[in-house]
Amino acid sequence: MIEALLGQVRNTALIVGLISFIGLLLQRKTTEEIISGTVKTIVGFMIFNIGSSSMASVVTNFSNLFNTGFGISGVTTQVEVATGLALNKFGTEVALVFVLGFFFNILFAKFTKFKAIFLTGQHFLYFACVLALVFISSGLPGYVTILGGGLILGFCGAALPTLAQPFMNKITGSDDIAMGHFNLIGYTLSGYIGKLVGKRSKNDKKSTEEVKLPGFLKLFRDFVFSVAIFMVVLFYIAVIACVVNGKIDVIKEMSGNDIWFIWPLIQGLQFAAGMSVLIYGVRQFIAEITASFVAISEKYIPDSKPAVDCPAIFPYAPNAVLVGFVGSLLGGFAGMAIMVAFKSPVILIPAAGICFFSGGTSGVFANAYGGLKGAFIGSFVIGLLLVLLPLGLYPAFANLGISEASFPNIDYNIIGSLINWILSFFQ
């Protein structure tokens, strides 16, 4: 009986439900609103787990195909899959780091010059996973993981948006909002690359919005479509490699009752479907928790600045988003080529989702000062870093059983690697 109770205490869905319950109580919501919000949070997390499981099975199939066809270890840089794996193994620690991160974010915004309130809850969750895994891999006690991870997460949520704020002001024409997407070091770098390109191309820094792009690229503005097409193409590349190397039996065995040459199409579409389910679940349970912290910050920190998700700036330069997507994708493939050339023990594969959101946002930042050329070069560099930087933390995470996917964003890896290096002195 006691063991069963302890098992439920470690149930992450119930933990986030309890967090939502407490937040709604603090806001003095009605009984109906408290019950509804708590249940929606728990159900949202369960939906997230369903999407995560669906994606994880597809990623496992792809990794097996890729490794068989090319004879190398390939891992996708899909943050949602990596997060699902982390939550399955260390859900309690991640959830508590996540909540403390919000709490410390509010404290830093209240008592320091860093006034950003990070409202993109899913990225708080992803970063909480990275920080929890870094502390856990160092063998430190659970309370150190939770307190240390929460403190660093809260500080980053308040402080990192400051780096990118000058470029946000240039893009939006105001100082009303901040960027709330943990690739802020990367966006700032892309912005400075745009500035450098702009200075060297004074007579030729045409904005992306002055350029007529091919009509077919507009299809990729739909995120689910982009992910589906990208995964289908990757699956067929792996299948062709298996056929060329005489490993068609492996494909037939994996495809089971499906026609083997149709199976890759089904797998790619299933991945996109799992992604859609996962994102819906994340938005549902994050929305309830974030609302609690927003209410607290609005009441007690009136001079705070909301840090919002990257799609908020897409309307300011939609063509730059597409240029950034293509540029970061090409940069990711260049990073793969570098890993192959230097015989890396693991090859990290760029994911469509990260290239679209982080690459597209990098394009908007670089376009602000560097135009079309700046947008492409800036996003290309970010694409390189999105696949190369995770190599630093991958061995530590793989030792914890998080090996099928990696966390790509630049902030995760620079801050995470720095913390990992510092903690190495205490092991």
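Predicted model: local features only at pLDDT ≥ 70, side-chain atom pairs only at ≥ 80, totals over all residues.
Author: In it, strands β2 (residues 116-118) and β4 pair in the parallel sense, over 3 bridges.

Reader: What makes β2 and β4 a pair?

Author: Two strands pair if DSSP finds at least two bridges between them. β2 and β4 have 3 bridges, so they count as paired. F118 stands opposite A307 in β4.

Reader: How do you know that β3 pairs with β4?

Author: Take the cut-off of at least two bridges again. Strand β3 (residues 178-179) is joined to β4 by 2 bridges, so the pair qualifies. These strands run parallel. Here A178 has A307 in β4 as its bridge partner.

Reader: Which residues of β4 lie on its covered face, and which on its uncovered one?

Author: β4 spans residues 305-308. K305 and A307 make up the covered face. P306 and V308 make up the uncovered one.

Reader: Now the rings. How many aromatic pairs are there?

Author: The count comes to 25 aromatic pairs.

Reader: Why is the pair of F114 and F155 called edge-to-face?

Author: Ring centres must lie within 6.5 Å, and planes over 60 degrees apart count as edge-to-face. The centres of F114 and F155 are 5.8 Å apart, with the planes at 90°, so the pair is edge-to-face. This pair links distant parts of the chain, 41 residues apart. F114 is in the loop between α4 (79-111) and β2, while F155 is in helix α6 (residues 142-172).

Reader: Why is F155 called partly exposed?

Author: Buried means under 20% relative accessible area, and exposed means over 50%. F155 has 36% relative accessibility, so it counts as partly exposed.

Reader: What makes Y187 and F365 a stacked pair?

Author: Stacked needs planes under 30 degrees apart. The planes of Y187 and F365 are at 25°, and the ring centres are 5.4 Å apart, so the pair is stacked. Y187 lies in helix α7 (residues 184-200) and F365 in helix α12 (residues 352-388), so the pair ties together parts 178 residues apart in sequence.

Reader: Are Y187 and F365 buried or exposed?

Author: The limit for buried is under 20%. Y187 has 0% relative accessibility, so it counts as buried. F365 also has a relative accessible area of 0%, so it is buried.

Reader: How do you know that K195 lies over the face of Y369?

Author: NZ of Lys must be within 6 Å of the ring centre and within 35 degrees of the ring normal. K195 lies over the face of Y369, at 4.9 Å from the ring centre. The charged end of K170 sits over the ring of Y369 too, 5.1 Å from its centre.

Technical notes:
Residues numbered from 1 in each chain as written. Heavy atoms only, no water. Buried < 20%, exposed > 50% of the residue type's maximum accessible area, 1.4 Å probe, protein only. Helix = DSSP H or I, 4+ residues; strand = E, 2+ residues; numbered from the N terminus. Phe/Tyr/Trp six-rings, centres within 6.5 Å; stacked < 30°, edge-to-face > 60°.
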